[in-house]
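Reader: I have some questions about the labels used for this model. Please set each value against its rule.

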Amino acid sequence: MNAIATGLAEIAVRGPSMCHVFASIDRGDYEGVPRSLRLGGHVTSIRLESIFWDILDEIAAAQDMSTPRFISRLYDEVLETYGDVVNFTSLLRIACLRYAQDRERTMTACAREAAVVEQV
């Protein structure tokens, strides 16, 4: 069970504030971590919280790519789509959140299917 789920379970039992759940998140999860990579032919550095790097590593692995290659390809596709790239680090964070939301929906749907099969 992750820290947020554990905190939410504690709220159900003890009733502490929601702020406590988020205030107790591991500092390492929101510490900025820079990584150097090449975007558009230029070496640059991107600073994201470590939890976002973990998710980007997972996404890249699922695409059979290294993380720098995945990010570079995403950058190129955004450039091709819009003609410029604005606030790329925010795009990366939103991509991670969307990926996590989709993964959660998939896991929930699988759990529902398993429950139906179990009842049969």
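Author: Start with Cys-96: at 0% relative accessibility, Cys-96 counts as buried. This is a predicted model, where local features need pLDDT of at least 70, side-chain atom pairs count only at pLDDT 80 or more, and totals for chains, interfaces and linings use all residues. Residues are numbered from 1 along each chain as its sequence is written, and side-chain values use heavy atoms, with hydrogens and water left out.

Reader: Why is Cys-19 called exposed?

Author: Buried means under 20% relative accessible area, exposed over 50%, partly exposed in between (1.4 Å probe, protein chains only). Cys-19 has 59% relative accessibility, so Cys-19 counts as exposed.

Reader: How many disulfides are there?

Author: A disulfide is a pair of cysteine sulfur atoms within 2.5 Å. By this rule the count is 0.

Reader: What is the angle between α4 and α5, and why is α4 called roughly perpendicular to α5?

Author: Helices are DSSP runs (H or I, at least four residues), numbered from the N terminus. Helix α4 (residues 50–62) packs against α5 at about 85°, and their axes are 8 Å apart. Axes are lines fitted to C-alpha atoms, for helices over the stretch in contact, and angles run from 0 to 180 degrees between N-to-C directions. Angles of 65 to 115 degrees count as roughly perpendicular. Therefore α4 is roughly perpendicular to α5.

Reader: Which residues of α5 make the contact?

Author: Thr-67, Phe-70 and Ile-71 of α5 do. Contact means heavy atoms within 4.5 Å. Among the α4 residues in this contact are Trp-53 and Leu-56.

Conventions
Helix = DSSP H or I, 4+ residues; strand = E, 2+ residues; numbered from the N terminus. Parallel < 35°, antiparallel > 145°, perpendicular 65-115°, else oblique.
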